[in-house]
Amino acid sequence: MTEYAHPEVLVSTEWLAAHLDDPTVRVLEVDWDPVSAYELGHIPGAALVDWKRDINDPVRRDILSKDQFVSLMERLGVTPQTSLVLYGDMRNWFAAFAFWTFRIYGHADIRLVNGGRRKWFEEDRPVTEAVPAFTTTSYPAPVADAGIRQFLPGVRDILGRSDHALVDVRSPAEFSGAISAPPEYQNEGAQRSGHIPGAVNIPWAQAIQEDDTFKPVDQLRELYQSRGVTSDKSIVTYCRIGERSSHTWFVLTYLLGYARVANYDGSWSEWGNAVGVPVEKPGAEAVTPVPA
Amino acid sequence: MEPSHLDLTTAEEECGDSAMGRVRRAYATLAPGERLEVVTGVAEHLFGIRAWCRRVGGEVLEESREGGCTRLVLRRPAASAS
């Protein structure tokens, strides 16, 4: 078995256990629901990154701004040289989203805990409710790189192009249009259900094993190549709000080493609400948008 | 009266509520004295359920292993928070 393309972006739970007191490392738990996760117990020394509050703009729908990113890094006592080690609730989806976001703002050394929070608890490793405090740092304003992000017009432009591949990482029920969002997420619903035309459905969880660690590289390669998601193409991943697709973006970019992968974080909650964009829904008659 | 039942072993592919979120929602529907049976095979869930019950005053009446899963029975006491 060959190694992942960029193994340096993954750390094991064993590695993390040995680096809990490493001053060059900042461990961050990225949660969608901190009340159900971080606040009940977390890895000793880990700081909370609340996905809704810290990674997203509080008013408009967007990731945090460059200034907000700088403020977050400074509050967490991070410098450009710090190794950020990310894990989180919901099986590392939101940690992967934070990885993608922090990469947009150019932080160099970011790593994901392989197996995440679930594996840490499975191994009965130490947990605490203590919240760490850090000395505020000065973090220079970065130059944002939007090359790993895709927006709706860009997705529309690649429809039907053989040099691109769209990967819908949602569940088969979401892909088929049987559901657009679970009922408990009313603000993530869409006016239309189905998927973006031409997308292949490879649910995010197919990239991981029973213990939430990533599958070996040869299995990952087979998984994506067999569905036409190959390294010679430009790839766009999407889900409903962009966090599960961050997980797959991470797999394709860092574990398989694909050169051109972008995450469409607008995802189905944008596409399924947009007027005039084409939608593919098995069993439903295809609707061609009326030209403007 | 039979306890309400919540199975956390189902897949999380759809990005629905978190396991603990589901427990909290199900617990919130209990009347004082009613019970909730939760089944999970995930240690993270077990830790979260126990810790959350301690926090809100919920009682863990039973805990048993069945195959690869753990079955917990929680009870909402007369004056607990949710």
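## A bridge between two strands

In strand β8(A), V236(A) is the bridge partner of L166(A), where strands (E, at least two residues) and helices (H or I, at least four residues) are DSSP runs numbered from the N terminus. This pair belongs to strand β6 (residues 164-168) of chain A and strand β8 (residues 234-238) of chain A, which run parallel to one another over five bridges, and two strands are said to pair if DSSP finds at least two bridges between them.

The model is predicted, and in it local features need a pLDDT of at least 70, side-chain atom pairs count only at pLDDT 80 or more, and totals for chains, interfaces and linings use all residues. Residues are numbered from 1 along each chain as its sequence is written, while chains are lettered from A and ligands numbered from 1 in the order in which they are written.

## The sheet around β6 and β8

The sheet in question is an open one of four strands in chain A, with the order β7-β6-β8-β9 and parallel pairing. Because β7 and β9 (261-263) of chain A stand at the edges with a single partner strand each, one side of each is left without a neighbour in the sheet. Helix α9 (residues 244-255) of chain A packs on this sheet and touches β6, β8 and β9 of chain A. The direction of helix α9 makes about 170° with that of β9(A), the axes being lines fitted to C-alpha atoms, for helices over the stretch in contact, and the angles running from 0 to 180 degrees between N-to-C directions.

## Two domains in chain A

Chain A is divided into domain 1 (7-142) and domain 2 (148-271), with bounds that come from an automatic or database domain assignment. The C-alpha centres of these two domains of chain A lie 23 Å apart. Between them, 18 residues of domain 1 of chain A are in contact with 15 residues of domain 2 of chain A, two residues being in contact if their C-beta atoms, placed from the backbone, lie within 7 Å.

On the side of domain 1 of chain A that touches domain 2 of chain A, α4 (93-104) and α5 of chain A each supply at least two residues, and α4(A) gives the most, with eight residues. By class, this side of domain 1 of chain A has nine nonpolar, four polar and five charged residues; here Ala, Val, Leu, Ile, Met, Phe, Trp, Tyr, Cys and Pro count as nonpolar, Asp, Glu, Lys and Arg as charged, and the others, Gly among them, as polar.

A96(A) has its place in helix α4 of chain A. With 29 other C-beta atoms within 10 Å, A96(A) is buried, a residue being buried if 20 or more other C-beta atoms lie within 10 Å of its own, exposed if 12 or fewer, and partly exposed in between, with C-beta atoms placed from the backbone. Leaving aside its neighbours within four places in sequence, A96(A) is in contact with L112(A), E243(A), S246(A), H247(A) and F250(A). A96(A) and V30(A) are 66 residues apart in sequence, and their C-alpha atoms are 8.8 Å apart in space.

R91(A), in the loop between β4 (83-88) and α4 of chain A, has a positive phi of about 60° although it is not a glycine. R91(A) counts as buried because it has 23 C-beta neighbours inside 10 Å. D212(A), which lies in the loop between β7 (200-201) and α8 (217-225) of chain A, is likewise not a glycine and has a positive phi of about 75°. D212(A) is buried, with 20 other C-beta atoms within 10 Å.

Chain B has two helices and four strands, and from the N terminus on its elements run β-α-β-α-β-β. Of the 82 residues of chain B, 27% count as buried.

The contact between the chains takes 23 residues from chain A and 17 residues from chain B. On the side of chain A that touches chain B, α5 (116-122) and α7 (172-176) of chain A each supply at least two residues, and α5(A) gives the most, with four residues. This side of chain A has ten nonpolar, three polar and ten charged residues. For the complex, the predictor gives an ipTM of 0.86 and a pTM of 0.93.
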